[in-house]
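Let us walk through a protein model together. Keep the sequence and the 3D view side by side as you read.

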Amino acid sequence: MNTVSVCCGDIAVPAPVQLLKRGERLLEPDVYCTEFNGQPAVFKDYRRYRGTLLAPVAHLLVRREAGVLRRLQGWKHAPALLGTIGGLALGMEFVPGDTLSSVQHAGQEVFDQLQRALSRLHAAGITHNDLHGTNIVVSAGVPVLLDFTSALRTPRWLRNGPISRQLRRSDMKNLVKMRQRLTGLAPTPEQAALLAEPGWVRTLRNAWKRLYRRIKQQD
């Protein structure tokens, strides 16, 4: 029987109750809701890769996300980590509420909280790297960040490097876009200047687009 490793020992994981998302793409997990210790919980399950060449990569994805959630344990803007299952799945608390992608309007207070939360996350050396409406749930007026699969923890000595700065800039840029869509509040000229992409990012993106077009033409 599969068990989940938590601070109080190994506990059997119940069968899925509701499938939230079927993992159809490469290294995309099955996501399901179930009950854990009498409370609703969400599990991200990569166990279909057990025994395959992709198992080490799946292990890495689980370990990285669990590590970030463990670092954020007790923070109201992230779900609590429940544990991992054999290194190929992890469980977290279920956060009730509506995602920002499913609502037509959100108050400015939500985005004020979200900006403070993102600033604190960045100050801890963590970037989310997949910040969009589907990955933010507003629960009782509090925005909660979900899906830390792409999150990156940067050592202190690298936090002022160009790549780290660009990742933080990208997070903030996505936040500003969501705020403009849901509140109608456009960024100030000062904010727009801070969020403007540097030349080296545009150069890399254009080079990738040209390479991608050439690859598509050869198909």
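Which residues form a nonpolar patch on the surface? Ile-163, Trp-200 and Leu-204 do, with about 330 Å² of accessible area together. Such patches take residues with over 30% relative accessible area and no salt bridge; nonpolar side chains (Val, Leu, Ile, Met, Phe, Trp, Tyr) are joined within 5 Å, like charges within 9 Å. Areas come from the Shrake-Rupley method with a 1.4 Å probe, and for residues only the protein chains shown count as cover.

A word on the source. This is a predicted model, where local features need pLDDT of at least 70, side-chain atom pairs count only at pLDDT 80 or more, and totals for chains, interfaces and linings use all residues. Residues are numbered from 1 along each chain as its sequence is written, and side-chain values use heavy atoms, leaving out hydrogens and water.

Trp-200 sits in helix 5 (residues 199-218). Helices (H or I, at least four residues) and strands (E, at least two) are DSSP runs, numbered from the N terminus. Trp-200 is partly exposed because its relative accessibility is 38%. Buried means under 20% relative accessible area, exposed over 50%, and partly exposed in between (1.4 Å probe, protein chains only).

Now find helix 3, residues 162-183. Its 22 residues should span 32 Å at 1.5 Å a residue, and the end C-alpha atoms agree at 31 Å apart. The expected span is 1.5 Å times one less than the number of residues. Buried residues in helix 3 include Ser-164, Asp-171 and Leu-182. Just after helix 3, Gly-184 takes a positive phi of about 80 degrees.

Next come the charges. The structure holds seven salt bridges. Each is a side-chain nitrogen of Lys or Arg within 4 Å of a carboxyl oxygen of Asp or Glu. Glu-65 and Lys-44 form one, at 2.9 Å from N to O. Glu-65 lies in helix 1 and Lys-44 in strand 5, so the pair ties together parts that are 21 residues apart in sequence. Both Glu-65 and Lys-44 are buried. Asp-147 also bridges to Lys-44, with the closest N and O atoms 2.9 Å apart. That pair links distant parts of the chain, 103 residues apart.

Finish at His-77, in the loop between helix 1 (55-71) and strand 6 (81-85). His-77 counts as buried because its relative accessible area is 6%. Its side chain reaches the backbone oxygen of Pro-143 at 2.7 Å.

Terms used:
A polar contact is a pair of N or O atoms within 3.5 Å; within protein, one must be able to donate a hydrogen and the other to accept it, and residues adjacent in sequence count only if both atoms are side-chain atoms.
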